[in-house]
Amino acid sequence: MSLYSAIQFCSVSFLYTSGSNLGDFQFLFIDLLLIMPIAVFMGWADPSPTLSRKRPTADLVSRKVLTPLLGQILLVVLSQFAVFETVQLQPWFLPPQLDLEKSNIVNSENTALFLFSCFQYIFISIVLSAGPPFRKPMTQNVPYLCTIIVNILISGCMLFRPSDWVTEVMQLTFMSNVFKFWLIALAFGVFVLSWTAEKNIFPRVAQMLGHARARLQPHYRKKRKMYKVLLEALRL
């Protein structure tokens with residue numbers, strides 16, 4: 001939910017710089033059709049049949065939580081910035097018409113960021129979906145898996161083959177096929193990077209920060225887990 005808010009905040013912030021914003025039906029599509037089903041069905045994953053010796057992180061403001069969160073937010077900002085800047089370089093670019101009374105929705109910046117962010121919402125939920133060792137794999141959560149597939153298909157149709165009424169309701173503008181393929185390639189590329197960073201890079205960065213803190217604060221001593229203390233006592 002933090003990354004959902006960060007993605008939407010980032011999109012709106014970029015659009016605000018040019019006097020634009022997301023449309024009402026775009027907000028509704030994101031909140032009701034994308035986020036709500038994902039948020040509901042993510043929690044339907046069954047617990048793992050094997051009890052893990054290591055418990056989940058209980059502190060929401062620990063470095064193990066904040067480091068991946070800030071890292072994912074950085075990837076979101078950089079990828080949306082790339083979309084925001086590159087769409088302005090296209091020959092078919094339609095700039096927003098500045099109006100002090102209302103935001104202009106029908107422009108290329110809005111269309112590119114809205115369609116790109118739809119894939120970000122979906123992919124970030126896959127990256128952050130809880131799985132082993134505490135829950136069963138995401139592939140065994142059938143309702144969630146079906147939701148992800150349906151959302152990807154709908155977002156893909158809006159990107160490549162939107163019908164006339166979808167274009168009108170969502171206030172989408174023209175984009176070339178080359179740019180559309182670039183958007184989807186960037187979305188998948190960022191997804192792979194986010195997955196790799198979440199599983200391998202961010203945990204190591206959090207561990208390095210812990211070692212750095214221990215060196216900078218020699219008197220700092222982390223409270224040890226009770227089961228580790230008991231295991232050592234049993235060995236003795």
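Helices (H or I, at least four residues) and strands (E, at least two) are DSSP runs, numbered from the N terminus. By that rule, the chain of this predicted model has eight helices and zero strands, and its C-alpha trace spans about 75 × 45 × 30 Å along the principal axes. Residues are numbered from 1 along each chain as its sequence is written, and side-chain values use heavy atoms, with hydrogens and water left out. Because the model is predicted, local features need pLDDT of at least 70 and side-chain atom pairs count only at pLDDT 80 or more, while totals for chains, interfaces and linings use all residues.

**Annotated spans**

- The unreviewed UniProt entry annotates residues 25–44, 65–84, 112–130, 142–161 and 181–198 as "transmembrane region", and such annotations may be inferred rather than shown by experiment.
- Residues 181–198 are 100% helix and 0% strand, with end C-alpha atoms 25 Å apart.
- Residues 65–84 are likewise 100% helix and 0% strand, and their end C-alpha atoms are 29 Å apart.

**Largest pocket**

- The largest pocket holds about 1600 Å³ of space, where a pocket, on a 1 Å grid over the protein atoms alone, is an open set of points with protein on both sides within 12 Å along at least five of seven lines, and lining residues have an atom within 4 Å of a point.
- Its lining has 42 residues, of which Val-127, Leu-128, Ser-129, Ala-130 and Glu-198 are the closest to the centre.
- Two or more lining residues come from each of helix H1 (2–16), H2, helix H3 (63–87), helix H4 (108–127) and helix H7 (177–216), and H7 gives the most, with seven residues.
- The lining of the largest pocket divides into 26 nonpolar, nine polar and seven charged residues, with Ala, Val, Leu, Ile, Met, Phe, Trp, Tyr, Cys and Pro counted as nonpolar, Asp, Glu, Lys and Arg as charged, and the others, Gly among them, as polar.

**Largest cavity**

- There is one cavity of 30 Å³ or more, a cavity being a set of grid points where a 1.4 Å probe fits but cannot get out.
- The largest cavity has about 100 Å³ of space, and of its 13 lining residues the closest to the centre are Gln-120, Phe-123, Ile-124, Val-190 and Ser-194.
- H3, H4 and H7 each give two or more residues to this lining, with the largest share, five residues, coming from H4.
- By class, the lining of the largest cavity has ten nonpolar, three polar and no charged residues.

Definitions and conventions: Grid points are joined across faces, edges and corners, and a volume is the space filled by probe spheres set on the points.
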